[in-house]
Structure formats: structure tokens, C-alpha cells
Amino acid sequence: MQLYMVRHGETLCNVKGVYYGSLDVSITEKGEIQADWVGKMLKEVRFDRVIVSGLRRTRETAERILACQEQSDIRPKWEFISDFNEMNFGAWEGKHYKEVKANYPEDYKAMAEDWIHCPPTGGEKFTDFSTRVLNAWNRLQFGEDERVLFVGHGGAMQCIMCHLLGMDVTNIWHLEIKQGTYTRFEIIHDFPVLKGMNLGE
């Protein structure tokens with residue numbers, strides 16, 4: 001199985017530097033350019049499946065990637081899986097970390113000291129988030145010859161990549177996933193091999 005993983009294109013929340021895991025926002029003009037760039041790099045890949053989260057920024061990115069492909073009578077199967085949504089930051093959604101630090105000092109301090117077990121105010125614990133994502137991933141079944149496009153969020157992709165590489169999910173910060181690039185895995189008999197990361201940078 002050939003797995004192509006792409007982080008969604010830039011959003012206005014990226015530009016503002018705010019928490020926005022569960023906010024359903026669109027990609028910016030720059031995000032569209034990033035998606036088009038990935039699409040041009042992958043224009044000759046015939047995808048059998050497209051997997052996105054339940055949030056529009058992943059769908060919009062995937063649509064632009066596929067729009068760059070040569071016309072074919074074969075259309076990939078789309079799957080919208082909300083369990084692949086980014087981590088929910090609760091009351092911190094849409095706020096810059098400086099605002100969060102000022103308005104929720106105790107929760108901010110607690111999460112800074114133990115980000116694995118302490119959730120944002122009213123949001124998800126990382127342990128719950130990573131479990132949600134990996135449970136959804138493990139429910140998927142792939143054919144040996146399938147070519148899969150997975151367009152997701154940075155945090156969810158980091159969790160899946162850690163899993164594929166045999167690493168504990170708490171190692172996510174060792175993986176920087178950039179927008180406007182793609183990562184490719186080859187999975188043969190359930191054995192994943194990383195063929196390239198942040199390709200096209």
C-alpha cells in the first residue's frame with residue numbers, strides 16, 4: 001500500500017498564531033497555492049482512496065490536490081472521518097497563547113508542565129486525542145495495492161506517523177510536518193517504511 005500524507009493548507013488561524021483545533025475554518029489563498037503545489041507533484045499518482053477529517057480545511061486541500069490530476073474515468077473513494085479531527089482546545093479555541101496565559105493561568109501552567117495529561121480549559125487531554133486518532137486509524141483496512149491520499153491535521157498526522165514508525169505518540173514533537181509538502185509511506189504486509197517526509201519543500 002502506498003500512503004501519501006498531506007497536512008492541510010494554511011488557514012487564517014495559522015497566520016494569527018491561535019489555537020484552533022476544532023474550529024471549522026477554510027484555507028487561505030496561500031493555503032490553496034500550497035495544495036496546488038502538492039497536487040502538481042502528485043498529478044501522476046492514481047489514488048484509490050482519499051481520507052480526510054470532518055473539517056473543511058482538509059477537504060478543501062484534498063479537492064485542490066485531486067483537481068491537478070489528469071482526467072480519468074476512475075474516481076477515488078472519499079472517506080470523511082471526524083475522529084481524525086485535530087485536538088479540541090476547548091475555551092482556548094481562536095485565542096493566542098498570550099491571551100490564554102492571561103485568562104487561564106492555572107490551566108495554562110498545568111498543561112505547560114504536563115501536556116500529555118492536562119487538557120486545555122474545557123478541551124481534550126492529549127491522551128484522549130491520540131487514542132481517538134489511533135483507534136480510527138486501526139479500524140481502517142487497506143488493500144496491498146491501494147494508493148491512499150490522507151489529508152489531515154498536524155497533530156493527528158504526528159500521532160499516526162509515530163504509530164507507523166513504532167514510536168510512542170508522546171514523541172510527536174520530533175516530527176515537524178510542513179504545509180505545502182507530502183510524506184510517503186510504503187506499507188507491505190503491515191510493515192511501514194518511510195519513503196520521504198516533507199517532500200517538495
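Two residues are said to be in contact when heavy atoms of theirs lie within 4.5 Å, and the legends below describe close-up views of a predicted model.

**View 1. Threonine 61 and the residues it touches.** Threonine 61 has its place in helix α3, which covers residues 56-67. Leaving out residues up to four places away in sequence, threonine 61 touches Val6, Arg7, His8, Gly9, Ile27, Ala35 and Val151. Its relative accessible area is 1%, and threonine 61 is therefore counted as buried, since the limit for that word is under 20%.

**View 2. The largest nonpolar core, seen around isoleucine 160.** The largest nonpolar core has 35 residues, and those with the most contacts inside it are Leu3, Met5, Phe84, Trp137, Phe150, Cys159 and Ile160. At least two residues of this core come from each of β1 (2-7), α5 (105-113), α6 (126-139), β4 (147-152), α7 (154-164) and β5 (182-188), and the largest share, seven residues, is supplied by α7. When neighbours within four places in sequence are left aside, isoleucine 160 is in contact with Met5, Phe84, Val133, Leu134, Trp137 and Phe150. Another core, of 14 residues, lies apart from this one, and among its members are Val6, Leu42, Phe47 and Val151.

View 3. The structure holds zero disulfides, and cysteine 159 has as its nearest cysteine sulfur that of cysteine 162, 6.8 Å away.

View 4. Arginine 56 forms a salt bridge with aspartate 24, and their closest N and O atoms are 3.5 Å apart. Arginine 56 belongs to helix α3, whereas aspartate 24 sits in the loop between α1 (12-16) and α2 (29-41), so that the pair links parts of the chain 32 residues apart. Arginine 56 is partly exposed, with a relative accessible area of 32%, and aspartate 24 is partly exposed too, at 37%.

View 5. Glutamate 113 and lysine 109 both lie in helix α5, four residues apart, which is about one turn of the helix. Their side chains meet in a salt bridge, with 2.6 Å from N to O. Glutamate 113 is exposed, at 58% relative accessible area, while lysine 109 is partly exposed, at 49%.

Conventions: Residues numbered from 1 in each chain as written. Predicted model: local features only at pLDDT ≥ 70, side-chain atom pairs only at ≥ 80, totals over all residues. Heavy atoms only, no water. Core = buried A, V, L, I, M, F, W, Y, C linked by side-chain atoms within 4.5 Å. Buried < 20%, exposed > 50% of the residue type's maximum accessible area, 1.4 Å probe, protein only. Disulfide = S-S within 2.5 Å. Salt bridge = Lys/Arg side-chain N within 4 Å of Asp/Glu carboxyl O.
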